Amino acid sequence: MIRLVGILVGLGFTFVVLLAFGSGALTVMGQGYFVEETAEHAFHEEAHMPAEGYSFDGLMPSWDLAQLQRGYQVYKEVCSACHGLNQIAFRNLDELGYTEAEVKAEAANWVVPGINQDTGEATTRPGLPTDYFPDPYANDIMAAAANNNAIPPDLSLMTKARHNGTAYVYSLLTGYQEPSAELAERFPDSVPGPGLYHNPYFANLNLAMAPPLTTDGQVTYADGTEATVDQMATDVAAFLTWTAEPSLVDRVRLGWIVMGFLIFATILAWLAKKQVWAKAKRKD
Ligand code: HEC
């Protein structure tokens, strides 16, 4: 009797497993059959252009301060017209190698919201090192009104919010192009309408941001580096990697120290174990 129950349970189990595999396989096959192919599927470039040679890549990362300063300059002179950076305070700029006096002077170049001390009315004042980067628009309604109904997102965490963020920002900035004839032929609806721009690196192919970096020399770099579009895109992508995780370099370094300590502690534990059990006799 017990044996019979065992066999039945076994058969039932096998049946359920087969059912699971079967339905899984059908779902996977079904995707090919039933999901209509869209322009996004066909023309979105998942793989970003290589943005290689960054000092913060790899197992021994470091910040290239000159590059971060150039990237900051691009953000300030181009992107900040539309994008905020609300996770970063001016005082954080000292991590880019600016002195305290330079940070103070830099903060004062920015205009931040303030309060008129005599009347209590809203007004503006020069920034202080403790202030955070101001939003360019008073609220989302104003931002959307100025940008063809799209709200320029805050860029502080952008490189974390997109897959392979550094390369994504670089690709987005350098990837604007005319829609291909094939796209126009197969998906006429996907050709950008007025106020939209085609960019295969953007998830749905058309975005409301006009190409922000268009001409070589758009920014005059303080350190004399030639400001090609490629260079500006590379530098601002590096800067936005720093804003998203200023502690990246410290985190990896700390990781190495922790690994070293763990290896040391393991050796110590092994030696201690040998010491403690040294006098015990084997029984065999
Ligand atoms: C004239 C305004 C304007 C300027 C200048 C500008 N942007 Fe944008 N940006 C936008 C708008 C609007 C969007 C939203 C686009 C959309 O969702 O269709 C956007 C979106 C983005 C996105 C998000 C894309 C995504 O995946 O959601 C990134 C990244 C970006 N901008 C980076 C930059 C950088 C870097 C600069 C400076 C080099 C810059 N932008 C300059 C208006 C601007």
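The largest nonpolar core of this predicted model has 31 residues, and Val-169, Val-236 and Phe-239 have the most contacts inside it. A nonpolar core here is a set of buried Ala, Val, Leu, Ile, Met, Phe, Trp, Tyr and Cys residues joined through C-beta atoms within 7 Å. A residue is buried if 20 or more other C-beta atoms lie within 10 Å of its own, exposed if 12 or fewer, and partly exposed in between, with C-beta atoms placed from the backbone. Because the model is predicted, local features need pLDDT of at least 70 and side-chain atom pairs count only at pLDDT 80 or more, while totals for chains, interfaces and linings use all residues. Residues are numbered from 1 along each chain as its sequence is written.

**The core and its helices**

- Helices (H or I, at least four residues) and strands (E, at least two) are DSSP runs, numbered from the N terminus.
- The largest share of this core, eight residues, comes from α9.
- Phe-239 touches Leu-68, Gly-71, Tyr-72 and Tyr-75, leaving out residues up to four places away in sequence. Two residues are in contact if their C-beta atoms, placed from the backbone, lie within 7 Å.
- Helix α7 is mostly covered, with nine of its 10 residues buried. Among the buried residues of α7 are Tyr-168, Val-169, Tyr-170 and Leu-172.
- The cover over the buried residues of α7 includes α6 and α9.

**Around the ligand**

- The ligand is surrounded by 23 residues, and the closest are Cys-79, Cys-82, Leu-207, Met-209 and Pro-212. A residue is near a molecule or strand if its C-beta atom, placed from the backbone, lies within 6 Å of it.
- Helix α7 (residues 165-174) gives the largest share of this shell, three residues.
- By type, the shell divides into 20 nonpolar residues, two polar and one charged. In this count Ala, Val, Leu, Ile, Met, Phe, Trp, Tyr, Cys and Pro are nonpolar, Asp, Glu, Lys and Arg are charged, and the others, Gly among them, are polar.

**The β1-β2 hairpin**

- Strands β1 and β2 (residues 122-126) pair in the antiparallel sense over five bridges. Two strands pair if DSSP finds at least two bridges between them.
- The two strands β1 and β2 form a hairpin with six residues between them, and Gly-120 in the turn has a positive phi of about 80°.
- Across the pairing, Ile-115 stands opposite Ala-122 in β2.
- Strand β1 (residues 111-115) lies largely in the open, because the number buried among its five residues is zero. The number buried among the five residues of β2 is also zero, so β2 lies largely in the open.
- Arg-125 lies in β2. Arg-125 is partly exposed, with 15 other C-beta atoms within 10 Å.
- Leaving aside neighbours within four places in sequence, Arg-125 is in contact with Val-112 and Gly-114.
- The C-alpha atoms of Arg-125 and Pro-192 are 40 Å apart, and the two residues are 67 residues apart along the chain.

**Loop residues**

- Asn-148 is in the loop between α5 (140-146) and α6 (158-161). Asn-148 has a positive phi of about 55° although it is not a glycine.
- Asn-148 counts as partly exposed because it has 15 C-beta neighbours inside 10 Å.
- Leu-205 is in the loop between β3 (197-198) and β4 (206-207). Leu-205 is not a glycine either, yet has a positive phi of about 75°.
- Leu-205 is buried, with 24 other C-beta atoms within 10 Å.
- Pro-200 is also found in the loop between β3 and β4. With 19 C-beta neighbours inside 10 Å, Pro-200 counts as partly exposed.
- Pro-200 touches Phe-43, His-44, Glu-45, Gly-175 and Leu-205, not counting residues up to four places away in sequence.
- The C-alpha atoms of Pro-200 and Leu-262 are separated by 46 Å, with the residues 62 residues apart along the chain.

**Domains**

- The chain is assigned domain 1 (43-88 + 133-244) and domain 2 (247-275). These bounds come from an automatic or database domain assignment.
- The centres of domain 1 and domain 2, taken over C-alpha atoms, are separated by 39 Å.
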